[in-house]
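Below is a short report on selected local features of one protein chain. Please look through the sequence and the model before reading on.

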Amino acid sequence: MVEVADHNDPNILPNVLLGEVEALGTRLARVREAVGRVIFGQPEVVEQVLITILSGGHVLLVGVPGLGKTKLVETLGTVLGLDESRVQFTPDLMPADILGSEVLEEGEGGRRAFRFIKGPVFCQLLMADEINRASPRTQSALLQAMQERKVAIAGQAHPLPAPFHVLATQNPIEQEGTYPLPEAQLDRFLLEVEVTYPDEAAERAMLLATTGAAEARALNAMSAAELVAAQGLIRRIPVSAQVLDAILKLVRGARPETAELPMIRQHLAWGPGPRAAQALMLAARARAVLDGRLAPSIEDVIALAEPVLRHRMALNFSARADGVKLQEVIGALKNSLG
């Protein structure tokens, strides 16, 4: 049940909740500082990944190799106190390679029994590198783990650790030998984050910091238990009626069947489902707290529209033929919010 306030006045928050939100904001400032010691020139990427984790979701990182995506996951594991694991996805990767499998062992007296050996998915922060190189069979196995937070092997369910987050990467250029992610799995990612090249100043600082005798190391700034508590707190933050209306207008306006903008009806093959609205609601709350504010605003919704919507929408053939970009369509939707 979503708690909806009449307005964005932080005075509506109970004193206890106010104190918890302020304390979390202070802790998150330390987290961002710790990450910034190691990751250079990617403030938006770091912010959006932290928003995803605070919202309890998974993130898809899209960018060419060498931009620090793997380093970001390693750094977040250390800073947030999470047990992390990494899987390099390849076409021959099988579901058992990531989920685990049962092996037959012989014990004392010759008695045989099956024992379950956990795969790398049994961690708190999973780096799924080049996820679109795995076969659909392996992708579907990861899909269940992402959605249900458990793994079913031989008819028995094995719960995954809490918290559990998948940070997957995808190369937008090299598509030979890949299996495009199905819409059902794309929808499981809270945000799709574009990782771009750093600017010159950030790249200069990176060169000086990473090629010397001593390289900066990430420091722990939060525990897994504190992160779980923070995720629960994010869900308790009130959302104003104006922000709720903006989320519904944005998501429903992105569906060709209910869109008011002619551009949407003309150029979109399909639009986002209710999970997009849920993602916007949680992410807007997390962004506000990360920014030191006590309640989300319409500006948060506008800022998060692209990473929430772009992997949940598809252009039709005529739009692609006319050279229409998905970014233009989302831009029109954001402008409709005023």
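Glutamate 130 sits in the loop between strand 6 and helix 5 (136–148). Helices (H or I, at least four residues) and strands (E, at least two) are DSSP runs, numbered from the N terminus. The model is predicted: local features need pLDDT of at least 70, side-chain atom pairs count only at pLDDT 80 or more, and totals for chains, interfaces and linings use all residues. Residues are numbered from 1 along each chain as its sequence is written, and side-chain values use heavy atoms, with hydrogens and water left out.

Glutamate 130 has a positive phi of about 50°, although it is not a glycine. Most residues other than glycine have a negative phi, and most peptide bonds are trans. Arginine 149, in the loop between helix 5 and strand 7 (150–153), also has a positive phi, near 55°. Arginine 149 is partly exposed, with a relative accessible area of 29%; buried means under 20% relative accessible area, exposed over 50%, and partly exposed in between (1.4 Å probe, protein chains only).

**A cis peptide bond**

Between alanine 162 and proline 163 the peptide bond is cis, with omega near -5°. Proline 163 belongs to the loop between strand 8 (156–159) and strand 9.

**The sheet**

In what order do the five strands of the open sheet run? The order is 3-6-9-2-10, and the pairing is parallel. Two strands pair if DSSP finds at least two bridges between them. Strand 3 and strand 10 (189–194) are the edge strands, each pairing on one side only.

Strand 3 pairs with strand 6 over five bridges, and serine 85 stands opposite leucine 126 in strand 6. Helix 2 packs on the sheet and touches strand 2, strand 6, strand 9 and strand 10. The direction of helix 2 makes about 175° with that of strand 10. Here axes are lines fitted to C-alpha atoms, for helices over the stretch in contact, and angles run from 0 to 180 degrees between N-to-C directions.

Helix 3 (residues 69–79) has buried residues, among them Leu72, Val73 and Leu76. The cover over the buried residues of helix 3 includes helix 1 (15–36), helix 2 (43–54) and strand 2 (58–62). Just after helix 3, glycine 81 takes a positive phi of about 70°.

Aspartate 300 is in helix 12 (residues 298–309). Aspartate 300 counts as buried because its relative accessibility is 0%. Leaving out residues up to four places away in sequence, aspartate 300 touches Ala284, Arg287, Ala288 and Arg293, where contact means heavy atoms within 4.5 Å.
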